[in-house]
Amino acid sequence: MEMPKEVMYVLEKLNNAGFKSYIVGGCVRDNFMKRLPKDWDVTTSALPEEIMDIFIDEKTIEIGKRFGTITVIKDSHPIEITTFRSEGDYIDGRRPGWVEFQKDIEADLSRRDFTINAMAYNDLKGLVDPFNGRGDINKRLIRTVGNPKKRFNEDALRLLRAIRFSTELGFEIEKNTYKNIKEHKDNLLEVSIERIADEFLKILLSDKPSNGIRLLVDTGVIKYIIPEIVDTVDFNQCNPHHDKNVFDHILCVVDNSPKDIELRLAALLHDIGKPDTFTKDEEGIGHFYNHDKVGAELSEKILKRLKAPKKAISLVSNLVKEHMIWHNDISDKGLKRLINRVGEENIIKLLTLMRSDISCSLAIERPEVQEELAIIDKLEYRIKNILDNREALSIKDLSINGKDLIDLGVFKGPRVGEILNILLDKVMEDESLNKRDKLLEVAKKELQ
């Protein structure tokens, strides 16, 4: 196997000191799959203190020392080195009650989650694969090492990791492993929402996230992440502008959105408000009035529950709230206000969401779909003109500020902001007013 020079350096140092050492886990799996490994992990018969002695001339991190892990920094590359170990029962559903260091690589591999991650390799011995991980790679299967019930009881996050690996790699989950995911999904109650969210976001950023989301729904795991999605499954829109139920439409939009986490979240949540806003008219046609606003409120609630950053919560809920605005005849002034609400740096994300939404409503070749996409193209053209011309979008873009108004005799306080907003409103309608002398004249009239 080809390995980075710093990984070979670590293996050689350990071997020269008389210890067995291997690359292990995901980097071995990825090598066999011709994928570029994200991380390179090493396992060894050396104890943590011995690892530190061997790499005394290198920078080391001891945070995981209690569990046998020392991180060595070689040429700015962190490499985790973990002593062969076996483990006791997981008392908190995450960490083993005790760790016992071993001299046997196979004992170490037997504690790992899935067969495809339970392989080790070095140039001296070659591949160590006691659980046929390579065979499962060839079969494109996710299978637990040993008894799935035991593996999932040890660390319930493995339930989600199985789905995540299945999604990322395009593998099926082996029948018994899948059965135990469904049976032990309640174990996720023991897992912190931060760890759950981290795995979920990785699923969302995969090449085809819909596969993972369907697995989450089919196994029932979704109820520990975004239970609100369940109401969209098989929800008939009863509308001639849609050829998919709400859930299938959502998945299509997610798959057709770029790999940007806020955009993928907005795609997932953009129609989350539809089940709560569904009505039928006299002709039996379904409508979802204000589903964008309801969806924005739900999005904020969901993302807060997932402990998302405040900035991401604000952006995603904004994108959900504004994703239907293209249906309106937007004036230049309205467009400027839209840019101000969403942010210059995010307005293209909103257009991208709109395009994905339209493209997943009916077959792309339908004339009405092409007409709607043309509307978005025109919006983008107008928006780019506004941005290129540096037209005023907020009071900070005005040619005067609060101090200028105070100098005119306006008392400090809310009145300053009121007048600035009046001036902004006028400038948005007529950009030529955004000159210091003109704005001062308009301000004086407002004060009369």
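## Exercises on a predicted model

Applying the rule that a disulfide is a pair of cysteine sulfur atoms within 2.5 Å, one disulfide is counted. The model is predicted: local features need pLDDT of at least 70, side-chain atom pairs count only at pLDDT 80 or more, and totals for chains, interfaces and linings use all residues. Residues are numbered from 1 along each chain as its sequence is written, and side-chain values use heavy atoms, with hydrogens and water left out.

**Exercise 1. Find which cysteines form the disulfide, and give its handedness.**

Step 1. The sulfur atoms of Cys-252 and Cys-360 lie 2.1 Å apart, and the two form a disulfide.

Step 2. The torsion about their S-S bond is about -75 degrees, so the disulfide is left-handed.

Step 3. Now place the two ends. Helices (H or I, at least four residues) and strands (E, at least two) are DSSP runs, numbered from the N terminus. Cys-252 sits in helix H11 (residues 246-255). Cys-360 is in the loop between helix H17 (347-359) and helix H18 (367-388). The pair is 108 residues apart and links distant parts of the chain.

Step 4. Check accessibility. Buried means under 20% relative accessible area, exposed over 50%, and partly exposed in between (1.4 Å probe, protein chains only). Cys-252 is buried at 18%. Cys-360 is buried at 1%.

**Exercise 2. Describe the loop residue Ser-361 and what it touches.**

Step 1. Ser-361 is in the loop between H17 and H18.

Step 2. Its relative accessibility is 10%, so Ser-361 counts as buried.

Step 3. Contact means heavy atoms within 4.5 Å. Leaving out residues up to four places away in sequence, Ser-361 touches His-241, His-242, Asp-243, Lys-244 and His-249.

**Exercise 3. Work out the span and the buried side of helix H1.**

Step 1. The expected span of a helix is 1.5 Å times one less than its number of residues. H1 (residues 5-16) has 12 residues. From first C-alpha to last it reaches 16 Å, close to the 16 Å expected.

Step 2. Glu-6, Val-7, Val-10, Leu-11 and Leu-14 of H1 are buried. They cover an arc of only 140 degrees around the axis, which puts them on the same side of H1. The arc is that of the directions from the helix axis to the C-beta atoms.

Step 3. The face turned away from the buried side of H1 carries exposed Lys-5 and Asn-16.

Step 4. Among the elements covering the buried residues of H1 are strand E1 (21-24), strand E2 (41-44) and helix H3 (48-54).

**Exercise 4. Trace the side chains and partners of strand E1.**

Step 1. Ser-21 and Ile-23 point one way from E1, Tyr-22 and Val-24 the other way. All are buried.

Step 2. Two strands pair if DSSP finds at least two bridges between them. E1 and E2 pair antiparallel over four bridges. Ser-21 has Thr-44 as its bridge partner in E2.

Step 3. E1 and strand E8 (residues 120-122) run antiparallel, joined by two bridges. There, Val-24 stands opposite Ala-120.
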